[in-house]
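I opened this model to look up its side-chain pairs and its helices. My notes are below.

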Amino acid sequence: MTLEIAREVLLICTLINYGLLVLWFLVFSYAHDWIRGFHGRWFRLADEQFDMVHYAGMAIYKLGIFLFNLAPLIALYIIE
């Protein structure tokens with residue numbers, strides 16, 4: 001695998017993952033009550049707990065994108 005292919009793969013992965021993160025945020029923001037009702041069938045969470053779980057999940061997902069996609073992509077651009 002060449003450096004250019006690795007860069008392209010990491011760039012596409014980064015864009016897809018950030019797209020999913022933005023989609024998650026938008027759905028959570030605009031369909032909060034629907035998601036709450038949908039998950040409420042399986043999990044008994046207070047509104048504050050439900051929001052905290054989603055906020056923490058988004059933060060962990062964003063950190064994962066940075067650590068596994070964006071940081072290696074930046075490193076590949078720096079070495080050349």
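**Basis.** I worked from a predicted model, in which local features need pLDDT of at least 70 and side-chain atom pairs count only at pLDDT 80 or more, while totals for chains, interfaces and linings use all residues. Residues are numbered from 1 along each chain as its sequence is written, and side-chain values use heavy atoms, with hydrogens and water left out.

**Ring pairs.** I searched the whole structure and found four aromatic pairs (rings of Phe, Tyr and Trp, the last by its six-membered ring, with centres within 6.5 Å; planes under 30 degrees apart are stacked, over 60 edge-to-face, the rest tilted). Phe28 and Phe50 have ring centres 6.0 Å apart and planes at 35°, so I logged the pair as tilted. Phe28 is in helix H1 (residues 3-30) and Phe50 in helix H3 (residues 47-78), so the pair ties together parts 22 residues apart in sequence. Helices here are DSSP runs (H or I, at least four residues), numbered from the N terminus. Both Phe28 and Phe50 are buried (under 20% relative accessible area; exposed is over 50%, partly exposed in between; 1.4 Å probe, protein chains only).

I then took Phe38 and Trp42, an edge-to-face pair at 5.0 Å centre to centre and 85° between the planes. Phe38 is partly exposed at 31% relative accessibility, and Trp42 is exposed at 54%. Ring pairs join Trp34, Phe38 and Trp42 in a cluster.

**Arg7.** The charged end of Arg7 sits over the ring of Tyr77, 4.7 Å from its centre (CZ of Arg or NZ of Lys within 6 Å of the ring centre and within 35 degrees of the ring normal). Arg7 also forms a salt bridge with Glu4, with the closest N and O atoms 3.5 Å apart (side-chain nitrogen of Lys or Arg within 4 Å of a carboxyl oxygen of Asp or Glu). Arg7 is buried at 6% relative accessible area; Glu4 is partly exposed at 41%.

**Arg36.** My search of the whole structure gave two salt bridges, and one of them joins Arg36 to Asp47 at 2.6 Å, N to O. Arg36 lies in helix H2 and Asp47 in helix H3, so this pair ties together parts 11 residues apart in sequence. The charged end of Arg36 sits over the ring of Phe50, 5.4 Å from its centre.

**H3.** I noted a bend of about 35° at Phe66 in H3 (the angle between axes fitted to the seven residues ending there and the seven starting there). Buried residues of H3 include His54, Gly57 and Leu73.

Methods:
Helix = DSSP H or I, 4+ residues; strand = E, 2+ residues; numbered from the N terminus.
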